[in-house]
Amino acid sequence: MKVEIDEHSGFCFGVVNAIRKAEQELKKGTLYCIGDIVHNSLEVERLEVMGLQTIEHDEFAKLKNCRVLFRAHGEPPMSYRTACENNIEIIDASCPVVLNLQERIRKSYEQTRKEGGQIVIYGKRGHAEVVGLVGQTNGEALVVEKESDVKQIDFSRKVILFSQTTKSLEGFQKIADLLKENGGSLVIVHDTICRKVANRIPQLRDFAERHDVVIFVSGQKSSNGKQLFAVCQETNPRSYFVQSAEDLRPEMIAGAETVGISGATSTPRWIMEDIQHKIELQ
């Protein structure tokens, strides 16, 4: 049986950078992180053993005189103000792509507000990145997850559309087309999807087609993981979602000559390698 790990899978640059910074800073002492540093429970547990303490925003607001890591998803302006007020040293691991998008939305919001327009963000409501993006608009941006959400938009006013960086191009285009149908020339579309993530979809389709079985590795909290696994299933019905080697079952790979292992942008390489070794030993 041939077992191959997808060379395009695993951590994106933003996550690699955040974890590297966490590992470096943990050598200096106590370090907090707002929310899971990555949507993978095994990687979170590994870093917690090293001393990383995961907190939520309400706990962050009560901290003083300490060090806090801002993960790749980015943080809203309020988090920076809180850190300044409470003498908190920020270890900023926000992804450069996300920081650039935050700045674009902030500038667009300031301009659009003068014209009576609206900022619309295609993304998952409550997602860490989206919280940071909405924060650039004083909480006024409208978040659209699906087509039915479009009804909340006032199409008699100017509409500026942006997207969460990790959403699918296909989904974004559908929303953009729908907005244009309703608002015409009053709708301005900014495609802000990260191509390193978006390009994974055609690459993953090719990978899934080449193998009898695909083992897709992701944490349950990963939106990106759910999206990419759906791509695997559409391409190859013998695709299985697992979180670790412990989730493997003999029937998953029964009769297969080739097994492909892929993962979300939040899946560490070491978990995929554990799965590869377990399959090769069977």
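This is a predicted model: local features need pLDDT of at least 70, side-chain atom pairs count only at pLDDT 80 or more; totals for chains, interfaces and linings use all residues.

Modeller: Residues are numbered from 1 along each chain as its sequence is written, and side-chain values use heavy atoms, with hydrogens and water left out.

Biologist: What makes helix 6 mostly covered?

Modeller: Buried means under 20% relative accessible area, exposed over 50%, and partly exposed in between, with a 1.4 Å probe and protein chains only. In helix 6 (residues 128-135), six of the eight residues are buried. These are A128, E129, V130, G132, L133 and V134. Helices (H or I, at least four residues) and strands (E, at least two) are DSSP runs, numbered from the N terminus.

Biologist: Against which elements do the buried residues of helix 6 pack?

Modeller: They pack against helix 5 (96-115), strand 6 (118-122) and strand 7 (142-144). Contact here means heavy atoms within 4.5 Å.

Biologist: Why is helix 5 called roughly parallel to helix 6?

Modeller: Their axes come within 8 Å and cross at roughly 30 degrees. Axes are lines fitted to C-alpha atoms, for helices over the stretch in contact, and angles run from 0 to 180 degrees between N-to-C directions. Angles under 35 degrees count as roughly parallel, over 145 as roughly antiparallel, 65 to 115 as roughly perpendicular and the rest as oblique. The angle therefore makes helix 5 roughly parallel to helix 6. V98, L101, Q102 and I105 of helix 5 meet E129, G132 and L133 of helix 6.

Biologist: How does the pair of helix 9 and helix 10 compare with these angle classes?

Modeller: The axes of helix 9 (residues 200-209) and helix 10 (residues 223-235) come within 9 Å and cross at roughly 40 degrees. Helix 9 is therefore oblique to helix 10. The contact involves R200, I201, L204, R205, A208 and E209 of helix 9, together with Q227, L228, V231, C232, E234 and T235 of helix 10. By class, these residues divide into six nonpolar, two polar and four charged. Ala, Val, Leu, Ile, Met, Phe, Trp, Tyr, Cys and Pro count as nonpolar, Asp, Glu, Lys and Arg as charged, and the others, Gly among them, as polar.

Biologist: What makes a set of residues a nonpolar core, and which residues have the most contacts inside the largest one?

Modeller: A nonpolar core is a set of buried Ala, Val, Leu, Ile, Met, Phe, Trp, Tyr and Cys residues joined through side-chain atoms within 4.5 Å. The largest such core has 18 residues, and L31, I37, L52 and L69 have the most contacts inside it. Helix 1 (13-26), strand 2 (31-34) and helix 2 (41-49) each give two or more residues to this core. Its largest share, five residues, comes from helix 1. Not counting residues up to four places away in sequence, I37 touches A18, I19, A22, V44, L47, L52, L69 and R71.

Biologist: Why is E85 called exposed?

Modeller: E85 lies in helix 4 (residues 77-85). Its relative accessibility is 63%, so E85 counts as exposed.

Biologist: What is noted about phi of N65, and why does N65 count as exposed?

Modeller: N65 has a positive phi of about 55 degrees although it is not a glycine. N65 is found in the loop between helix 3 (57-60) and strand 4 (67-70). At 58% relative accessibility, N65 therefore counts as exposed.
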